[in-house]
Amino acid sequence: MKDTQNTQNTQIDNLQKFTAPIQCELNDNGKTIKLLKGFYYYRTDDPKNIIVVPEGYVSDGFSSSIFEFLIPRFSVGTKCAILHDFLCDNFHKGLNTRKFADSVFLESLLATTKMKFRSRLLYASVRVYAFFK
């Protein structure tokens, strides 16, 4: 057990905290970003449940939002959108549910932004998108 914990700590040491500024580059298409340094996210309900988004992961930020005119693709909360994209990719691989991805998205938005209404609006838009997809 201790070896597993040390391995996990070593892996986390090489990553950014979720609250640290994002390190990424804008890809040539201008619509996606690539992480130059991965990051980790602790679930608020279970701090032992750590989600790791690896270096090199590519995300399109806040995409397919019906509120795109209010919320730019890359803005406050972009790390939350990247986390959500990563979990949605895992959903398509059968590693978690879409509802889990969406609930972590809301949780991370509420934990890191002061815009509670906007957070709930974004959550509602991803849930509606999931329903019709």
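Biologist: How many nonpolar, polar and charged residues are in the lining of the second largest pocket?

Modeller: The lining has six nonpolar, five polar and one charged residues. Nonpolar covers Ala, Val, Leu, Ile, Met, Phe, Trp, Tyr, Cys and Pro; charged covers Asp, Glu, Lys and Arg; the others, Gly among them, are polar. This is a predicted model: local features need pLDDT of at least 70, side-chain atom pairs pLDDT 80 or more, while totals for chains, interfaces and linings use all residues. Numbering starts from 1 along each chain as its sequence is written, and side-chain values use heavy atoms, without hydrogens or water.

Biologist: How is space found, and which residues are closest to the pocket's centre?

Modeller: Rolling a probe the size of a water molecule over the atoms shows where empty space is left. A pocket is an open set of points on a 1 Å grid over the protein atoms alone, where a 1.4 Å probe fits, with protein on both sides within 12 Å along at least five of seven lines; lining residues have an atom within 4 Å of a point. This pocket holds about 190 Å³, the space filled by probe spheres set on points joined across faces, edges and corners. Phe-18, Thr-19, Ala-20, Gly-77 and Lys-79 are closest to its centre, of twelve lining residues.

Biologist: Is Leu-15 buried or exposed?

Modeller: Buried means under 20% relative accessible area, exposed over 50%, partly exposed in between (1.4 Å probe, protein chains only). Leu-15 is buried, at 16%. Beyond four places in sequence, Leu-15 is in contact (heavy atoms within 4.5 Å) with Lys-37, Gly-38, Phe-39, Tyr-40 and Val-52.
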